[in-house]
Amino acid sequence: MTAQGAFITFEGIDGSGKSTQARLLAQALQQAGHDVVLTREPGGSPGAEEIRRLVLEGDPDRWSAETELLLFTAARRDHLEKTIQPALAAGKVVICDRFADSTRVYQGITRGALRGKVDQLHTLMIGRDPDLTVIIDMDPATGLARAKGRQGVEERFEDFGEEMQHRMRAGFLALAQEFVDRCVVIDGARAIDTVAADVTATAKAHLA
């Protein structure tokens, strides 16, 4: 948390429920009197939403990991400039469904040995980490079944299969150990309201 607001991100594998929990936290904090901006990645600004369609739709092999990294970084930079930074400067709580940790896992670990390049680009072009990151942990098979059950068009990463989901879960849990000062792992394999209560308590403790 900074004097200019608070930046909270949600991370986890596909189908973990993080998007639902991000929305429920936004509602809870608004009810508690906070001015909240709920956003997402890739996306969150007009330019970044255009890039979202490029990276989340189509054939799994449409882009290389290196190209994905550049696209996600471009989307994140626009999102940061147009949405995140102005909200934080106004003293608001920004809740973001995915941020740089997803790139560290998806392109930096599971899609190639690009973690060094991910961190270099993050330092050079983004330069901002969350104050609190909530990682919703979920069994990969369950998460994938949930994600595929949505039957949406943004399933490019889900189409890589369950093995990819296992690698992503391991990647997020490793990040929780690496960034222990800001990451909290919450068990997502419970009732939605139970998970939401833990998430809200965690967020309010940090905001306090």
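**View 1. Side chains of strand E3 (93–97)****.** Val-93, Ile-95 and Asp-97 point one way from E3, while Val-94 and Cys-96 point the other way. All are buried, meaning under 20% relative accessible area with a 1.4 Å probe and protein chains only. E3 is mostly covered, with 5 of its 5 residues buried. Strands (E, at least two residues) and helices (H or I, at least four) are DSSP runs numbered from the N terminus.

This is a predicted model: local features need pLDDT of at least 70, side-chain atom pairs count only at pLDDT 80 or more, and totals for chains, interfaces and linings use all residues. Residues are numbered from 1 along each chain as its sequence is written, and side-chain values use heavy atoms, without hydrogens and water.

**View 2. The open sheet of 5 strands****.** The order is E2-E3-E1-E4-E5, with parallel pairing; two strands pair if DSSP finds at least two bridges between them. Strands E2 (36–40) and E5 (183–187) stand at the edges with a single partner strand each, so one side of each lacks a neighbour in the sheet.

**View 3. Bridges within the sheet.** E1 and E3 pair over 5 bridges, and Phe-10 has Asp-97 as its partner in E3. E2 and E3 also pair over 5 bridges. Here Val-37 stands opposite Val-94. E1 and E4 are joined by 4 bridges; Ile-8 partners Leu-132.

**View 4. The largest nonpolar core, of 18 residues****.** Such a core is a set of buried Ala, Val, Leu, Ile, Met, Phe, Trp, Tyr and Cys residues joined through side-chain atoms within 4.5 Å. Members touching the most others include Ile-8, Phe-10, Leu-25 and Val-199. Helices H1 (18–31) and H8 (192–207) are among the elements giving two or more residues.

How values were computed
Buried means under 20% relative accessible area, exposed over 50%, partly exposed in between (1.4 Å probe, protein chains only).
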